[in-house]
Amino acid sequence: MIADSNVASDKAIRIVLNALGDTSQSTGRYREALAAASENLAERFRAGESVANLVRARSDFIDEILSRLWREHAGPISAKAALVAVGGYGRGELHPHSDVDIMILVEDPLPERAETAISNFFAALWDIGLDVGHSVRSIDECCEQSAEDITVTTTLIEARLVDGPEPLFRSMQHELSARNIWPSDKFFAEKLKEQQTRHHRYEDTAYRLEPNVKGSPGGLRDIQMIGWVAKRHFGVATLDELVAHKFLTKGQLKKLHESQEFLWRVRFGLHVLTGRREDRLLFDHQSRLAAMLGYEDATYTLAVEQLMQRYYRTVMELSRLNEMLLQLFDEAILMDPSAKPYPLNERFQVKNGFLQTTSDTVFAHDPSALLEMFLLLQQHDDIRGVSALTIALIRRNLHLIDEGFRQNPRNHRLFLSILRAPAGVTHQLRRMNLYGVLGLYIPSFGRIVGRMQYDLFHAYTVDQHTLFVVSNLRRFALSRFDHEYPHCSPLMQSFQKPEVVYLAGLFHDIAKGRGGDHSELGAIDAESFCLEHGLSKYDARTVAWLVRHHLALSMTAQKKDISDPDVINEFAALVRDKTHLDYLYVLTVADVRGTNPKLWNSWKATLFHDLYELTARALRRGLERPIDRELLISETQETGRKLLSESGISSSVVDGVWKLFTEEYFLRYRSSEIAWHTKLLADSDTESEFGSLDVRVQADGDGIEAALYAPRGRRTFAHATALLDELGMTIVDVRIVPLANDFSLDTYIFMELDRRTHVDAARLAKIRRALTRVLASGNDDSATVTRAAPRQVRMFATKTIISFDQDITNGRTVMELVTGDRPGILSTVGRIFIEFGINIETAKILTIGERAEDVFYIADKNDNPLSDNTCAKLQERLIQAINRNT
């Protein structure tokens with residue numbers, strides 16, 4: 001029962017006490033009391049009351065309810081059994097839908113009637129609507145299970161007596177002490193391993209766009225980890241007591257409490273919003289939670305982005321504290337306190353494998369040591385990390401990184417030495433970011449720390465994405481990864497000044513969130529930084545050029561028709577020389593791979609490399625001698641004939657098939673694709689109205705490609721895309737090339753949406769059967785897509801925008817469609833094209849998170865560009881159809 005007058009004065013407790021009175025009550029009254037007290041806490045949360053008060057108030061009124069029910073049902077066994085709160089409830093911290101974990105601690109043996117009493121008690125809890133986790137254990141059973149499973153030990157060291165005999169409870173605590181089970185050194189080592197495993201489940205990053213407030217690195221579980229070790233080793237009840245043990249300063253304790261309060265507020269809000277236990281900050285909840293917590297949209301930053309930036313900065317701070325405190329525990333519990341340090345120089349030494357300063361005044365006397373330490377860590381790869389006291393010292397001296405520090409030539413040399421080091425570049429840049437050094441040394445980088453972009457394209461915060469890009473570039477530079485990146489690695493390893501592309505990687509997104517073109521703004525910052533650091537004007541301008549154009553290769557490859565020599569010549573004119581092309585190519589691959597792990601695939605790799613090779617070839621010819629169509633066709637045919645000859649296809653057969661192929665066809669396909677198509681048509685009846693098809697796994701990737709030979713009037717696009725969509729495919733490229741006999745060759749490149757799906761012979765056969773229906777059904781558009789859009793995609797409302805441009809040189813119209821990515825979009829577009837008698841030449845399909853940005857190269861039924869009037873009507877009809885299906 002509630003005895004503490006301060007606790008009893010809480011309004012939620014008073015609601016419970018008033019509802020229940022002093023006598024036994026019905027299940028309905030308990031339910032009403034529980035609901036009323038819970039609603040009171042929710043109202044107080046919305047009003048902005050400290051969440052620390054609320055989680056403890058909930059624990060307190062649950063104590064009152066459980067204690068009453070226990071006394072009602074325990075009866076005569078109450079003197080031999082104790083009601084014990086464990087886990088988060090044991091800590092006195094309950095969020096609205098947190099598990100209420102309890103244990104009935106019993107003496108051995110209990111009479112048979114005790115089992116009935118305990119069962120009735122649990123049934124009463126479920127009847128009033130409490131979701132309870134429970135166990136019944138004797139002291140011996142607690143000891144046995146704790147010895148076997150450290151999670152049981154962890155749960156029980158947080159145990160708190162709610163009701164029952166205190167001597168029994170104290171006896172359990174004594175038997176489970178570190179003297180008897182899991183001494184603090186073994187407990188610490190095992191819990192540290194457990195934390196590492198948990199972090200690994202979240203890919204060792206707290207910066208995913210849908211983090212888990214409890215389990216992700218830097219989350220609430222990391223705070224609890226500190227508390228568990230502190231309780232086991234020092235026997236303290238709260239983190240506040242670590243100040244007396246000199247393991248925390250008052251400032252660090254304040255930061256820990258502030259961070260916990262914020263994360264508690266986020267978690268409490270998630271529970272209130274969803275009406276259930278929800279610890280994941282899903283897109284579904286982020287915007288509503290931001291509004292609930294009082295965030296408002298600003299000029300360049302959405303309310304949800306402000307909330308998430310604070311979240312990411314909070315977990316970064318908690319990650320720092322977690323590392324520092326666990327390192328302190330490591331030194332106190334596992335390491336030799338009398339070990340002698342060995343010096344590295346006047347400022348730094350190594351003790352027990354960790355780098356530390358030689359005195360507390362090192363940074364004050366020589367601020368450059370704040371950079372020097374990261375260089376030393378690179379030069380001595382046997383050092384395990386930075387000592388806890390030195391981490392704390394860094395934090396206390398960050399104010400020294402001011403404008404004078406940033407302008408100091410010695411610091412410029414140190415920073416460039418870190419970038420130019422043969423090993424440890426990525427590790428130390430991440431450590432610099434974690435400790436707060438990088439964001440102060442490059443203030444514009446500091447502004448993007450923890451910054452998220454509210455979309456599905458960017459999987460990480462801007463700062464973490466940036467460091468992933470640099471990490472990818474470093475991977476290209478290491479020969480042991482050559483097999484992973486056979487095109488990028490030789491280029492990266494050939495650069496005399498790899499720091500040029502590292503700096504471009506650091507600055508490419510540094511101006512995100514400022515408004516305006518982040519590429520242009522970032523280029524200005526990059527050039528200024530490079531010149532200040534002593535790079536030559538040429539190198540500084542190269543870095544700035546790479547930042548300014550870091551999206552050019554990706555957008556050209558994915559949105560433009562790179563089979564068009566004019567596109568290649570235009571891109572070659574932009575890059576100007578092979579050096580800029582090489583730098584841009586490796587930067588682009590590193591950037592796209594670092595944006596979202598689901599984004600990179602073999603199709604993009606092939607597309608980017610094709611553009612790179614075609615541009616390199618144009619540059620070799622010289623910008624004054626651009627590639628012409630005839631030469632490109634001739635070279636493609638020559639290579640194609642060679643491949644076919646090696647496959648045993650005679651020249652006469654090749655000539656017979658190639659009579660059907662137009663110049664446009666030879667421009668649109670690679671030699672290997674032409675050889676495949678030639679074999680298909682050589683084995684087919686090219687006069688059959690049915691046509692023919694083939695499906696295969698790409699020889700140079702993990703995509704699937706299908707070739708359909710069909711009468712041109714059949715217009716396969718709408719039907720084929722619907723069937724492929726329904727099969728769970730994502731389409732990345734479509735080319736429809738008219739042949740000389742009123743047929744067309746329609747090729748589709750697509751990939752499994754679920755990468756776990758294995759593409760075997762049976763899967764290919766299923767795709768082949770589906771596409772056979774396309775050939776058999778003519779212009780039938782009855783195929784429908786029933787597959788629902790993913791949960792995350794449904795959270796976004798993307799305005800449909802359609803624009804047109806005329807490609808006069810090639811006699812066609814270019815239509816760009818931007819809309820929400822939904823299953824069936826391509827089929828809808830295809831059906832409208834049939835309505836208007838429009839022929840598709842090429843479709844470049846690009847999905848950017850929740851957004852589709854597709855480009856269609858189209859012509860009217862006479863193969864002429866669309867008129868302005870037709871474009872206007874087509875735009876209106878498409879928007880109407882797409883919005884109706886959204």
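A salt bridge here is a side-chain nitrogen of Lys or Arg within 4 Å of a carboxyl oxygen of Asp or Glu. Welcome to a predicted model, where local features need pLDDT of at least 70 and side-chain atom pairs count only at pLDDT 80 or more, while totals for chains, interfaces and linings use all residues. Residues are numbered from 1 along each chain as its sequence is written, and side-chain values use heavy atoms, leaving out hydrogens and water.

**Confidence**
- The protein chain has an average pLDDT (the predictor's confidence in each residue, from 0 to 100) of 89, and 96% of the residues reach at least 70.
- Residues 1–8 fall below 50 in pLDDT.
- Where pLDDT is low, the predicted coordinates should not be read in detail.

**Salt bridges**
- By the rule above, there are 54 salt bridges.
- One of them joins the side chains of Glu166 and Arg170, at 3.2 Å from N to O.
- Because Glu166 and Arg170 sit 4 residues apart in helix H9, about one helical turn separates them; helices are DSSP runs (H or I, at least four residues), numbered from the N terminus.

Terms used. Contact means heavy atoms within 4.5 Å. Helices (H or I, at least four residues) and strands (E, at least two) are DSSP runs, numbered from the N terminus.
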